[in-house]
Amino acid sequence: MNAVVHTTAAPSLAELLRLPPYQAYSYSYPHKTAYRPLQPPRGLRELWAGEPRDSLFLYLHVPFCSYRCGFCNLFALARPEPAKVERYLDQMERQLRATCEALDQHRFVRFAIGGGTPSYLDAAQLRRLFDMVERHATIDLRAIPAGIEVSPETVDEDKMRLCRKRGIDRVSMGIQSFSEAEVRALVRPQQRAVVEQAIAAIRAAGVPTLNLDLIYGIAGQTVASFLASIDSALEHRPEELYLYPLYVRPLTGLGRIEAKAEAKFEAKAGARLPLQAEPMDERLALYQAGRDRLLAAGYQQVSMRMFRAPHAPDVAAPVYCCQSDGMVGIGCGARSYASTLHYSSEYGVARRSVAEILDHYLERDPASFAAADYGIALGEEERRRRHAIQSLLIRPGLDRADYRRRFGADCLEHLPQLRELFEHALAVENGEWIELTDAGLARADTIGPWLASAAIVERMRDYRLG
């Protein structure tokens, strides 16, 4: 069954501020629900010919997991057949070869393996990934920032030693909570002992940067239990901590549970309450408590979600980000970002949709990887909005001088709605910078969607999610 993605454009920031602060995560702009088939397909050689190709980001997507968490809406398939994993790695190499040939003279200066759960692969399969990258791409993995995403139950010392030897210097692990009751509420079969063992294996491998993800807003979670999870994480002195608000999205495990509950309620009550009547939920109090605890521990807040430790290898380094222009994505589900075109495979959440898209990827002729056939072209307005959103939601904020160099005018001229941030004390002018206040960072998931263009909102509204 398909579900309609519901998004609405707010006429003013003041109206949005009367709603709960968690409207949508601006992970990347435009969101993948704004992508459509490209007619005709765009050849990669011509597309990238006019782009800077000496400082690209190479991203490999591994869409496999040992289980599908209840909150997950990523492009991922749990427990695939072993033969399918091998076929997928074969196809990834074909795509990587075709893409690097299309790029011609190029150099990658950042690298990441995401998913899904890349550490779902065994050590031999991970070695295959590193080998194919070094065989086809112009890249020195041991001399550039290189990261991998893992889950606790898939980590072992052999894999982590291999990753470190091949150049990985950042491991990001989703823990979500140290409370076993809370992870059960997330439909996540995870034990604390397994988490502790995984962290020990990562540390033993000598990885310089460990990032841990925690979630707030879990059913039954309290401020005290959330702070207990943060304190447990701090015992391991992670270089980075991300605090994510829980979103219950359509077609996820939790989404299906919630939909059934709502259907029962509506059958009894007759009608659903309007959005405007929803109270401010407990996530804001949890966020504020978690933020304060991390600041007190000496962590620097970089964005609403990201906190960086004072002992991080380079506390002044650019924020890890895999949504920037110049990113080349390899694998089913991976996105690529040229300045004027974003492209990827199709998007799905439900297991059937993901499986169908993955099967289509596996059946593609290798020559087809030399062109992009699904995505969205970005005109000048969307490029300006993308830059403003990505800059504003991360400290130190939006550099007005840099904006003028890029787009030929001041950001307040192109986006006069930004002035509303000052009126509501959500941002301040700090010299040439527009910087979100603490209250503004807390409202990042309101501000990001509010800055989306009407055209993008309309495309997202019309998308049917499978």
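Q: Which helix gives the most to the lining of the second largest cavity?
A: In this predicted model, the second largest cavity holds about 40 Å³ of space, and its lining consists of S345, E346, I357, H360, Y361, R364 and D373. By class, these lining residues divide into two nonpolar, two polar and three charged. The element that gives the most to this lining, with three residues, is helix α11 (residues 351-363).

Q: Which strand gives the most to the lining of the largest cavity?
A: The largest cavity has a volume of about 170 Å³, and of the 16 residues that line it, those closest to its centre are Q95, Y343, S344, S345 and R364. At least two residues of this lining come from each of α3, β15 (341-344) and β16 (371-377). With three residues, the element that gives the most is β16.

Q: How many charged residues does the lining of the largest cavity have?
A: By the rule applied here, the count comes to four cavities of 30 Å³ or more, and the largest of them has a volume of about 170 Å³. When the residues lining this largest cavity are sorted by class, seven are nonpolar and seven are polar, while the number that are charged is two.

Q: Is L412 buried or exposed?
A: L412 has its place in helix α14 (residues 411-414), and, leaving aside neighbours within four places in sequence, it is in contact with R400, L418, R419, F422, E429 and I434. Because the relative accessible area of L412 is 5%, and the cut-off is under 20%, L412 counts as buried.

Q: Where is P396, the proline joined to R395 by a cis peptide bond?
A: A cis peptide bond joins Q39 and P40, with omega about -5°, and P40 is found in strand β2 (residues 36-43). The peptide bond from R395 to P396 is also cis, with omega near 15°. P396 is found in the loop between α12 (380-392) and β17 (398-399).

Q: Is Q176 buried or exposed?
A: Q176 lies in strand β8 (residues 170-176), and it has a positive phi of about 75° although it is not a glycine. Its relative accessibility is 8%, so Q176 counts as buried.

Q: How does R237 count by its relative accessibility, and what is that value?
A: R237 is found in the loop between α8 (223-234) and β10 (240-245), and, although it is not a glycine, it has a positive phi of about 50°. Because exposed requires over 50% relative accessible area, R237 counts as partly exposed, its relative accessibility being 49%.

Note on methods: Residues are numbered from 1 along each chain as its sequence is written. This is a predicted model: local features need pLDDT of at least 70, side-chain atom pairs count only at pLDDT 80 or more; totals for chains, interfaces and linings use all residues. Side-chain values use heavy atoms; hydrogens and water are left out. On a 1 Å grid over the protein atoms alone, a cavity is a set of points where a 1.4 Å probe fits but cannot get out, and a pocket is an open set with protein on both sides within 12 Å along at least five of seven lines; lining residues have an atom within 4 Å of a point. Grid points are joined across faces, edges and corners, and a volume is the space filled by probe spheres set on the points. Helices (H or I, at least four residues) and strands (E, at least two) are DSSP runs, numbered from the N terminus. Ala, Val, Leu, Ile, Met, Phe, Trp, Tyr, Cys and Pro count as nonpolar, Asp, Glu, Lys and Arg as charged, and the others, Gly among them, as polar. Buried means under 20% relative accessible area, exposed over 50%, partly exposed in between (1.4 Å probe, protein chains only). Contact means heavy atoms within 4.5 Å.
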